[in-house]
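Visitor: I have a model open here and would like to talk through how it is put together. Can we go through it piece by piece?

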Amino acid sequence: MSSPSAVPRLVVAAPSSGSGKTTVATGLMAALAGRGLAVSPHKVGPDYIDPGYHALATGRAGRNLDAYLCGPELIAPLFLHGARGCDLAVVEGVMGLYDGAAGEGELASTAQVAKLLRAPVVLVVDASSQSRSVAALVHGFASWDPQVRIGGVILNKVASDRHEELLRDALEASGVPVLGVLRRVAGVDTPSRHLGLVPVAERRAEAVQAVAAMAEQVREGCDLDTLCALARSAGALPDAAWEPPVRETGARDVVAVAGGPAFTFSYAEHTELLTAAGADVVVFDPLRDERLPDGTAGLVIGGGFPEVYAAELSANEPLRKAVAELALGGAPVAAECAGLLYLCRELDGQPMCGVLDASARMSERLSLGYRDAVAVSDSVLAVAGTRMRGHEFHRTVVEPMAGAAPAWGVRAPGRRLEGFVQQGVHASYLHTHWAAAPGAARRFVERCRTS
């Protein structure tokens, strides 16, 4: 086991989305875990779905590294926190290697995270429609930023032995070694939907098979020993691991956290922060459980796909009534995106909890992107004037967009008021990462005691 600051690590990146980095990263995690290594899985950016597959591959919580949401200064500490006790870490990138937050230069890009982690990069290239040109592409990515160390390339979707030979010949003079060659095979693709891949929680058996197929493909096509050696070339980081601030509280209040197939979007640090602040976190499934956990003093409902399960959520009338009673009684409730929809009167015509005087419906328009926000109203998460960064990711519309006491004033695109604050409820489309604002969890748990 390596020292926490010197854990061997690799960043798996690509020239663009769709190149196969999720297949390679997940397959590499599973293949190394199959060797008996404790593998720490990470994902650059705000995406919730890929970390679910990473967790399946490694048996550890998938963790996000987002320099926009958390700030560049927290990237290495959060990485070290997640990688504690591990033999090796694999970090899956986002979009193309140098793509970051729009208009913000390298901020939140895979390249920036690789530099902050002092980690070598493995570039996954979709070679399906090129031969000699691959050398120019790899040369460009390797030389664009001298601080980004591309330690090797994995060629994906290679058609034949002859195609592989042409690619290897072209890359021989580039100085970037070929660490793997993958053919197009059945079984590794995962189904997509209106917001990307279908989460693991919705297709557990099929997801297990897909991850196993990814691992087999990487084992057969990649040089695992050389990849491990490359990971070990990453030096120690000067940072200390992030720790959730612990508060001694004596008796612990129960905070119920929605889970199951309809509510799969959550950052691992949120539960850790709630626990450290003095909560006893209990996960429940709104699709199946007809009542809240015993002693529930607060409720957290994160993101997910309630629109896919609207009929089932609506049919669970006992739980909808329990949620409404808890919220209307003044207990703290934090709802993000899917949670916001669940608290509305209705979703696509199906009755929901009715906590908010608003209705929700599916839309053709995708709302996606980072957001700068300021708290408009005092709430269970923040005092008015608190600045937060978040992201939106949905194809739904809530009418009205904001209540009498809005949750946030949001910039980008344009300026608008968004969300609802009423009694103990804070409901909004905005996904936030509480590690950037640990006072949010502490404030929420304190409200559990006083409500």
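Visitor: Which residue in β13 is the bridge partner of Ile 301?
Guide: Ala 335 is the bridge partner of Ile 301 in this predicted model. The two strands concerned are β12, residues 296-301, and β13, residues 333-336, and they pair in the parallel sense over three bridges.

Visitor: What's the strand order in the open sheet of six strands?
Guide: The order is β11-β10-β12-β13-β21-β20, and the pairing in this open sheet is mixed. At the edges are β11, residues 279-284, and β20, residues 420-422, each of which pairs on one side only. From one strand to the next, the twist averages 15°.

Visitor: And which strands does helix α10 touch?
Guide: Helix α10, residues 268-276, packs on the sheet and touches β10 (253-258), β11 and β12, with its direction making about 140° with that of β11. Helix α12, residues 317-328, lies across β11, β12, β13 and β21 (425-428), and α12 runs at about 110° to β12.

Visitor: Switching to β2, how many of its residues are buried?
Guide: Six of the six residues of β2, which spans 39-44, are buried, so the strand is largely enclosed by the rest of the structure. Val 39, Pro 41 and Lys 43 point one way from β2, whereas Ser 40, His 42 and Val 44 point the other way, and all are buried.

Visitor: In what sense do β2 and β4 pair, and over how many bridges?
Guide: β2 and β4, the latter covering residues 88-92, pair in the parallel sense over five bridges, and the bridge partner of Val 39 in β4 is Leu 88. β2 also pairs in the parallel sense with β3, residues 63-65, over three bridges, and there Lys 43 stands opposite Asn 64. Between β2 and β3 the chain crosses through helix α2, residues 49-58, and this β-α-β crossover is right-handed.

Visitor: What about α4 and α5, at what angle do their axes cross?
Guide: The axes of α4, residues 75-83, and α5, residues 110-117, cross at roughly 70° and come within 9 Å, which means that α4 is roughly perpendicular to α5.

Visitor: Which residues meet there?
Guide: From α4, the residues are Ile 75, Ala 76 and Phe 79, and they meet Val 113, Leu 116 and Leu 117 in α5. By residue class, this contact of α4 with α5 divides into six nonpolar, no polar and no charged.

Visitor: Now some backbone geometry. What is phi of Met 95 near?
Guide: Phi of Met 95 is near 50°, a positive value in a residue other than glycine. Most residues other than glycine have a negative phi. Met 95 is found in the loop between β4 and α5, and its relative accessibility of 36% is the reason that Met 95 counts as partly exposed.

Visitor: Where is Lys 157 found?
Guide: Lys 157 is found in strand β6, residues 150-158, and its phi is near 60°, which is a positive value in a residue other than glycine. With a relative accessible area of 22%, Lys 157 is partly exposed; the buried class would require under 20%.

Visitor: Is the peptide bond from Glu 399 to Pro 400 cis or trans?
Guide: The bond from Glu 399 to Pro 400 is cis, with omega near 0°. Most peptide bonds are trans. Pro 400 is found in the loop between β17 (387-399) and β18 (408-411).

Visitor: Two more residues, then. Is Ser 367 buried or exposed?
Guide: Ser 367, which lies in strand β16, residues 359-375, counts as buried because its relative accessibility is 8%. Leaving aside residues up to four places away in sequence, Ser 367 touches Glu 392, Phe 393 and His 394.

Visitor: And Thr 450, buried or exposed?
Guide: Thr 450 counts as exposed, at 63% relative accessibility, and is found in helix α14, residues 439-450. The C-alpha atoms of Thr 450 and Pro 332 are separated by 9.7 Å, with these two residues lying 118 residues apart along the chain.

Definitions and conventions
Residues are numbered from 1 along each chain as its sequence is written. This is a predicted model: local features need pLDDT of at least 70, side-chain atom pairs count only at pLDDT 80 or more; totals for chains, interfaces and linings use all residues. Side-chain values use heavy atoms; hydrogens and water are left out. Axes are lines fitted to C-alpha atoms, for helices over the stretch in contact, and angles run from 0 to 180 degrees between N-to-C directions. Helices (H or I, at least four residues) and strands (E, at least two) are DSSP runs, numbered from the N terminus. Angles under 35 degrees count as roughly parallel, over 145 as roughly antiparallel, 65 to 115 as roughly perpendicular and the rest as oblique. Contact means heavy atoms within 4.5 Å. Ala, Val, Leu, Ile, Met, Phe, Trp, Tyr, Cys and Pro count as nonpolar, Asp, Glu, Lys and Arg as charged, and the others, Gly among them, as polar. Two strands pair if DSSP finds at least two bridges between them. Buried means under 20% relative accessible area, exposed over 50%, partly exposed in between (1.4 Å probe, protein chains only). A crossover is right-handed if, with the strands pointing away from the viewer, the path from the first strand over the helix to the second runs clockwise.
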